[in-house]
Amino acid sequence: MAGFKMRKPVDPHVLMVEVVGTKQVSPHLVRVTLGGAGLDLFTPLGFDQWMRLFLPRTGQETLRLPTRSSGLWYAQYLATPRAKRPHVRCYTVRAFRGDLRELDVDFVVHAEADGTSGPAATFATTAAPGDRIGLLDQGVGYHPRHAHDWTLLVADETGLPAVAGICESLPADARGLAIVEIPSDADRQRFRVPDGLRVEWVARDGATGTPGELALAALRAAELPDGTVYAYLVGESGLATGARRHLVAERAVPKAHVDFIGYWRHGHAAM
């Protein structure tokens, strides 16, 4: 994760929420809608607001959640016997409807070579109304700290919810470019985009290689707008770091104008 300071959440709480419904929004993305009275304590911030989700392990009848919302939650988590700890994963808020007490989260779902899936993908594909999970708001990653003329977003499918949330939160006169790599062309999504910002979709469609490589190639080939940029790069670790390296070394973009987060690393499982 990049060393920049994210925007902190407003009065965060460890919330117990429940599944309201699920929807297959594209071949590789499942949307899980969460609800419940716990969302009355959730403060929406827009952009790429992210949270930690506490998902039950197989066979767990009781979900043991930390009570601390500060960094001490992790100490509580580690103090819980491993067999009783929930899985913890980081996800972006795709949409929030406070009047309905509903929050949408998009999960990338895929199977490994042996047919198994990770805890988050398994949760998304098997979730049923009434299933309960924990949620802890962590704030917003997108955080420009300098005047800029245009915005550059680069992501793979895991960063697609972040790109969508940022585009929907930008002012109507925002300018820029978003490069989003997706598993297949059918994984494109429609969302509100300022007229001056162009979304370039890059589909792997069975291409071999590490996810993110095509997005990085598209960035290298792109004709970028003139003026001062704020770049936000998210997704597979190699994509995020490679895109930053390209912008700084080959496009002469100041390091302070580039924020990047490696959401995951190809070939390595999350905790």
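Which residue stands opposite G235 in β11? The answer comes in point 3.

1. Basis. This is a predicted model, in which local features need pLDDT of at least 70 and side-chain atom pairs count only at pLDDT 80 or more, while totals for chains, interfaces and linings use all residues. Residues are numbered from 1 along each chain as its sequence is written, and side-chain values use heavy atoms, with hydrogens and water left out.

2. The open sheet. Five strands, in the order β9-β8-β7-β10-β11, form an open sheet with parallel pairing. Strands (E, at least two residues) and helices (H or I, at least four residues) are DSSP runs, numbered from the N terminus; two strands pair if DSSP finds at least two bridges between them. At the edges are β9 (196-203) and β11 (258-264), each of which pairs on one side only. Neighbouring strands of this sheet are turned by 10° against each other on average, direction ignored. Such angles run from 0 to 180 degrees between N-to-C directions, and the axes are lines fitted to C-alpha atoms, for helices over the stretch in contact.

3. Strand β10 (residues 229-236) is joined to β11 by 6 bridges in the parallel sense. G262 in β11 is the residue opposite G235.

4. The barrel. Here 6 strands close up in the order β1-β2-β5-β4-β3-β6, with antiparallel pairing. On average, neighbouring strands of this sheet are turned by 45° against each other, direction ignored. Between β2 and β5, which run antiparallel, there are 7 bridges. R31 has D106 in β5 as its bridge partner.

5. Helix α2. Within α2 (residues 119-126), the buried residues include A120, A121, F123 and A124. Seen down the axis of α2, the buried residues fall within an arc of 160°, so they line one face of the helix; the arc is that of the directions from the helix axis to the C-beta atoms. T125 and T126, on the other side of α2, are exposed. Buried means under 20% relative accessible area, exposed over 50%, and partly exposed in between (1.4 Å probe, protein chains only). The buried residues of α2 pack against β1 (14-26), β2 (29-35), β3 (49-55), β4 (87-97), β5 (102-108) and β6 (132-140), where contact means heavy atoms within 4.5 Å.

6. Helices α3 and α4. Helix α3 (residues 160-169) lies across β7 (150-155), β8 (175-182), β9, β10 and β11, at about 160° to β7. Helix α3 also lies across β2, β4 and β5, running at about 30° to β4. Helix α4 (residues 213-221) lies across β7, β8 and β9, and runs at about 150° to β8.
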